[in-house]
Amino acid sequence: MAELSFTEEELKEIEQLKAKFPTAKAATLQVLWVAQRKYGHVEPEVQNLVAETLDVPKSHVHGVASFYTQYYKEEKGKFVLDVCTCLSCQLCGGYDILHHLEEKLGIEAGETTDDGMFSIQSVECLGACGYAPMLQVTNGVYVNNLTKEKVDTLIDNLKNGKMPEFESMAMPELEKRNQAASE
Ligand code: FES
C-alpha cells in the first residue's frame with residue numbers, strides 16, 4: 001500500500017474532533033471513522049496512520065478498531081451486510097437469515113463475493129431487538145423483521161443500486177403506536 005496520509009482538510013477536521021475531548025486518545029473512535037470514510041477500511045496501515053496522527057500507541061488504536069465490527073479491518077464489498085445473531089435475533093431466526101444469505105451469495109460470514117459487491121458479517125446486537133431478526137447495510141440502513149423473501153428482495157434491489165429505506169426504531173413509528181394504544 002502506498003504511503004498513507006490525511007489531507008490538510010482532514011487534518012483540520014481531526015483537530016476539531018480532538019478539541020471535543022479531554023485527550024487525543026479519547027478521539028480515537030471518531031478519527032477511525034474519518035480514516036474509514038477515506039480508505040473504506042482500517043487495515044493495520046490505516047490504524048498506524050490514526051495512531052501517528054493522534055500521537056497515541058498503535059496498540060491502543062488496534063484495540064479499539066478490533067473491538068468494533070463497524071470498523072472494517074480489511075477491504076470489504078460495496079455493501080456490507082451485518083446480520084445480527086445476538087440473542088433476540090437468534091431466537092427469531094437470525095442464523096437462518098445468515099445461512100440463507102451465505103447460500104444465496106456463495107460466501108460465508110466474514111467473506112466478500114468475488115465481484116466485490118457484498119460482504120457478510122455476523123454481528124452483536126444492533127439495538128433493534130424489537131424488530132428481530134434484522135440486519136444493517138454498511139453501517140447505515142437497518143432492515144428489520146427479515147424473512148428469506150425480504151432478504152432476496154434486498155439483494156436484488158442492492159444489485160440494481162437501490163438502497164432500502166431506513167427501518168430503524170424510528171420515533172414516528174413509536175409515536176404512532178403509542179397514539180393508537182391511547183385511542
Ligand atoms: S439482538 Fe438483534 S438487534 Fe438486538
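Contact here means heavy atoms within 4.5 Å. Helices (H or I, at least four residues) and strands (E, at least two) are DSSP runs, numbered from the N terminus. The model is predicted: local features need pLDDT of at least 70, side-chain atom pairs count only at pLDDT 80 or more, and totals for chains, interfaces and linings use all residues. Residues are numbered from 1 along each chain as its sequence is written, and side-chain values use heavy atoms, with hydrogens and water left out.

Spanning residues 28–39, α2 has 12 residues and reaches 16 Å from its first C-alpha to its last, close to the expected 16 Å, a span defined as 1.5 Å times one less than the number of residues. Its residues Thr28, Val31, Leu32, Val34, Ala35 and Gln36 are buried; buried denotes under 20% relative accessible area, exposed over 50%, and partly exposed in between (1.4 Å probe, protein chains only). The buried residues of α2 pack against α1 (8–19), α3 (44–54) and α4. After α2 comes Gly40, with a positive phi near 85 degrees.

The aromatic residues form a second theme. Rings of Phe, Tyr and Trp (its six-membered ring) pair if their centres lie within 6.5 Å; planes under 30 degrees apart count as stacked, over 60 as edge-to-face and the rest as tilted. The structure holds 4 aromatic pairs. One of them joins Phe67 and Tyr68, edge-to-face, at 4.9 Å centre to centre and with 85 degrees between the planes. The rings of Tyr68 and Tyr71 are also edge-to-face, because their planes stand at 85 degrees, with centres 6.1 Å apart. Trp33, Phe67, Tyr68 and Tyr71 belong to one aromatic cluster.

Phe67 counts as exposed because its relative accessibility is 64%. Tyr68, in the loop between α4 (58–67) and β1 (79–84), is partly exposed at 31%. Tyr71 has a relative accessible area of 2% and is therefore buried.

Ala132 and Pro133 are joined by a cis peptide bond with omega of about -10 degrees, and Pro133 lies in the loop between β2 (118–123) and β3 (135–137). Thr138, in the loop between β3 and β4 (141–143), has a positive phi near 45 degrees although it is not glycine. Asn139, also in the loop between β3 and β4, has a positive phi of about 55 degrees. Thr138 is partly exposed, at 30% relative accessible area, and Asn139 is partly exposed, at 23%.
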